[in-house]
Amino acid sequence: HSARNLLLIINDILDLSKIEANQLHIERRSFDVHTAFYETINLFHGLASDKAIDLQVILADNVPHLLMGDPVRFSQILSNLIGNAVKFTERGYVRASLTWLEESQAIQCMITDTGIGIAKEKQPEIFEKFTQGDASITRRYGGTGLGLAIIKQLVELIGGEIGFESME
């Protein structure tokens, strides 16, 4: 478990360094978004089940199977967002949905959960490096505060947008 966590931290730091040095390569190839979506979500079924969280999956009928993009980065973004949702949800559900936006010819991924939320004063900086809710959250849930910063940069590199709403 410790080795896996250390590897994740090292990979996050390497990705962040590559992004900041403009050395991160984004692939552009055809991939099956349905398969990538389900395979990534399936990684979290065990953890969600262990926490008695309902992991819900919604894939809209209009989402094409094949899209041009980087399947590794797609899965990385999705994995980070679902991982955070599951990590910070003690009861209830985590819902991952994917829809196709005809007008912009883009996919929209929404992760909804019944987790702890993000305090209002922390919301403006949530996508900054090394940012977490507070020290008690770091102690309770772990993490480095790099995941969302990396995901935001990845999403922007592929021409997307990321945002959130919190009930907190």
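This is a predicted model: local features need pLDDT of at least 70, side-chain atom pairs count only at pLDDT 80 or more; totals for chains, interfaces and linings use all residues.
As background, side chains of opposite charge can pair when their charged atoms come close. Take Arg-29 and Glu-27: their side chains form a salt bridge, with 2.7 Å from N to O. Arg-29 is partly exposed, at 40% relative accessible area, and Glu-27 is also partly exposed, at 31%.

Next up, Glu-125 and Lys-122. Here the N to O distance in the salt bridge is 3.0 Å. How exposed are these two? Glu-125 comes out at 24% relative accessibility, which counts as partly exposed, and Lys-122 gets the label partly exposed too, at 23%.

Then there's Glu-156 with Lys-152, a salt bridge at 2.3 Å, again N to O. How far apart do they sit in helix 6? They're 4 residues apart, so about one helical turn separates them. Glu-156 is partly exposed at 45% relative accessible area, and Lys-152 is partly exposed at 26%.

Now, helix 6 itself, which covers residues 147–157. Which of its residues are buried? Going along the helix, you've got Gly-147, Leu-148, Ala-149, Ile-150 and Ile-151, then Leu-154 and Val-155. The salt-bridge partners Glu-156 and Lys-152 belong to helix 6 as well.

One last thing to look at on the screen: just past the end of helix 6 there's Gly-159, and its phi is positive, about 85°.

Technical notes
Residues are numbered from 1 along each chain as its sequence is written. Side-chain values use heavy atoms; hydrogens and water are left out. Buried means under 20% relative accessible area, exposed over 50%, partly exposed in between (1.4 Å probe, protein chains only). Helices (H or I, at least four residues) and strands (E, at least two) are DSSP runs, numbered from the N terminus. A salt bridge is a side-chain nitrogen of Lys or Arg within 4 Å of a carboxyl oxygen of Asp or Glu.
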